[in-house]
Amino acid sequence: MDGFSPGHDYVERWVKLENDCRQLENKHKQYVRQIEEMQKTQAGLKKDFIAQREHLEDYMTSLRMFEPVIVAKVDYPIIKDLQEKVALKQSMFDDFEMMLPKKSGTILGIMLGPVDLSLVTHSARFQYKEAYENFKFVMNIISIFLALASLMYHSHILGAVVHFLLVWFYCTLILRENILKLNGSRIKGWWLIHHYISTFLSGILLIWPDGEPYWLFRKQFMSFTLYIAFVQLLQYYYQSGCLYRLRSLGERHSMDVTVDGFYAWMWRGLTFLLPFLFLGHFLQLYNAYTLFQLSFHRDSEWHVPCLSLTFLVLFVGNFSTTVIVVLQKLKSRHGAAKEKKTK
């Protein structure tokens, strides 16, 4: 033990730790410099993209404006080729701009403030999209178990838990879908608005007072929730496989996600889901009718007619959107078959 000094040992360990910390500080300074340089490069690129996009749009506008005159002097295929080249460049710029920071948009700006929510790498966007899909899958599983429990146990608290879960689920979906849209996902139309209306409906259900009208409708709503969660699981399972196949063939965008309704791309292989979807739509109509009848109950409050009207709006939107998609697809198939016969 002669010559051993605990103090000296700790001094040596501290010198090593200090050197490690200094190296880490230098790495952090280098990281900060790279971030600042990247932000300057991003700002410059964004400015250049905006300017170049304006030049392309001006060129395309002038090309369309003088097309009749040019076509009279030059072969039409030349004009068509120029238009295709401009469209290709514009599409390329869209892909490039996905890698640059973007404004959050109105909805995200209101909810979260001026936060940059851009996912600048393909892997980050894909991971976020997968997390969105997994979130929907897990929440539908939870909804099924809670709806079953609510059907077996007549508890107002358990029903309130289901309603609160639905409010939170749809609010979270709205946030996630707007982030996905910001990063290139093509979620649009009625199926996006549908989630805003569903959030409102779930909120009214959550604050509906305990009373006879509530209990008269409770079992029907829990059965409806159970069926909708089951249908959404079916859609998730089959749409995921269909999207994977179409993306591998280059027919769908890498950021396309599963949806609650029916899109034209589902026509091949997923038409068997239509009866399940239409039954869900008509269950919404039946909910609206039941609530309309309950609105005449002596203990009925404003929640009942409000819910009836909301279910009716959901039915009209869901049913009409699905029918329009189906009719458009049938019409396009009929036109394609007719064109094939004429050839």
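Analyst: The answers below begin with the overall fold and then turn to single helices and residues.

User: How many helices and strands are there?
Analyst: This is a predicted model. The protein has eleven helices and zero strands.

User: What share of the residues is buried?
Analyst: Of the 343 residues, 37% count as buried. The accessible surface amounts to about 21100 Å², and 65% of that belongs to carbon and sulfur atoms.

User: And what share of the contacts joins residues 24 or more positions apart?
Analyst: Among contacts with a separation of 6 or more, such residues account for 74%.

User: What is found at the two ends of H6?
Analyst: At the start of H6, a side-chain oxygen of Ser155 comes to within 3.3 Å of the backbone nitrogen of Ile157. Just after H6, Gly184 has a positive phi of about 105°.

User: New topic: is Ser202 buried or exposed?
Analyst: Ser202, which lies in helix H7 (residues 190-207), has a relative accessible area of 2%. Buried means under 20%, so Ser202 is buried.

User: Which residues does Ser202 touch?
Analyst: Beyond its neighbours within four places in sequence, Ser202 is in contact with His163, Leu166, Val167 and Tyr170.

User: What about Ser198?
Analyst: The backbone oxygen of Ser198 is 2.8 Å from a polar side-chain atom of Ser202.

Definitions and conventions
Residues are numbered from 1 along each chain as its sequence is written. This is a predicted model: local features need pLDDT of at least 70, side-chain atom pairs count only at pLDDT 80 or more; totals for chains, interfaces and linings use all residues. Side-chain values use heavy atoms; hydrogens and water are left out. Helices (H or I, at least four residues) and strands (E, at least two) are DSSP runs, numbered from the N terminus. Buried means under 20% relative accessible area, exposed over 50%, partly exposed in between (1.4 Å probe, protein chains only). Contact means heavy atoms within 4.5 Å. Accessible areas come from the Shrake-Rupley method with a 1.4 Å probe; for residues, only the protein chains shown count as cover. A polar contact is a pair of N or O atoms within 3.5 Å; within protein, one must be able to donate a hydrogen and the other to accept it, and residues adjacent in sequence count only if both atoms are side-chain atoms.
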